[in-house]
Amino acid sequence: CVIAHPVDGKGIDVVDGQNIHLAESAREFVDTIRRLLADPVSRERTGRAARALVLERYSFPEIGRRLCQAFESVASRPSHEQSAQEITRLQDDNAC
């Protein structure tokens with residue numbers, strides 16, 4: 001199970017309460033930890049969802065696959081301007 005500050009979730013596909021627990025203040029961290037210690041079912045479910053997200057979207061094989069797609073897409077473009085636009089679009093879409 002992951003508890004993190006909201007800034008730590010920027011750029012990745014996390015959903016508070018589903019695959020991560022977000023907390024901004026020390027009090028929120030403590031409250032979340034206590035709540036999860038008291039609720040092992042929720043803690044386990046969130047932990048499994050977090051692991052599934054990482055394996056699905058952010059594992060080395062998945063990152064490599066997306067990087068290869070980006071290179072292939074850029075290599076197939078006829079102009080440098082289009083290539084730069086494609087790289088920017090892929091970065092925005094995949095939160096590189």
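## How helix 1 meets helix 2

Helix 1 and helix 2 pack at an angle of about 105°, with axes 5 Å apart. That makes helix 1 roughly perpendicular to helix 2 (65 to 115 degrees; under 35 is roughly parallel, over 145 roughly antiparallel, the rest oblique). Axes here are lines fitted to C-alpha atoms, for helices over the stretch in contact, and angles run from 0 to 180 degrees between N-to-C directions. Helices are DSSP runs of H or I with at least four residues, strands are E runs of at least two, and both are numbered from the N terminus.

Leu36, Leu37 and Ala38 of helix 1 meet Pro40, Ser42 and Arg43 of helix 2. Contact means heavy atoms within 4.5 Å. The residues of this contact divide into four nonpolar, one polar and one charged. Nonpolar covers Ala, Val, Leu, Ile, Met, Phe, Trp, Tyr, Cys and Pro; charged covers Asp, Glu, Lys and Arg; the others, Gly among them, are polar.

## Basis of the model

This is a predicted model, in which local features need pLDDT of at least 70 and side-chain atom pairs count only at pLDDT 80 or more, while totals for chains, interfaces and linings use all residues. Residues are numbered from 1 along each chain as its sequence is written, and side-chain values use heavy atoms, leaving out hydrogens and water.

## Helix 2: two faces

Helix 2 runs over residues 40-57. Its 18 residues reach 26 Å from first C-alpha to last, close to the expected 26 Å (1.5 Å times one less than the number of residues). Its buried residues are Ser42, Thr46, Gly47, Ala50 and Leu53. They sit on the same side of helix 2, because they cover an arc of only 130° around the axis. The arc is taken from the directions between the helix axis and the C-beta atoms. Buried means under 20% relative accessible area, exposed over 50%, and partly exposed in between, with a 1.4 Å probe and protein chains only.

Strand 2 (21-22) and helix 1 (26-38) are among the elements that cover these buried residues. The face turned away from the buried side carries the exposed residues Val41, Arg48, Arg51 and Glu56. Arg48 counts as exposed at 54% relative accessibility.

His21 lies in strand 2. At 6% relative accessibility, His21 counts as buried. Beyond residues up to four places away in sequence, His21 touches Cys1, Val2, Ile3, Ala4, Asp16, Thr32, Arg35, Leu36 and Thr46.

Asn19 is in the loop between strand 1 (3-4) and strand 2. Asn19 is buried, with a relative accessible area of 7%. Leaving aside neighbours within four places in sequence, Asn19 contacts Asp13, Val14, Thr46, Ala49, Ala50 and Leu53.

Ile12 belongs to the loop between strand 1 and strand 2. At 35% relative accessibility, Ile12 is partly exposed. Its C-alpha is separated from that of Val41 by 24 Å.

Helix 3 spans residues 60-75. Its 16 residues reach 22 Å from first C-alpha to last, close to the 22 Å expected. Glu62, Arg66, Ala70, Ser73 and Val74 are its buried residues. They fall within an arc of 105° seen down the axis, so they line one face of helix 3.

The face turned away from that buried side carries the exposed residues Phe60, Pro61, Phe71, Glu72 and Ala75.
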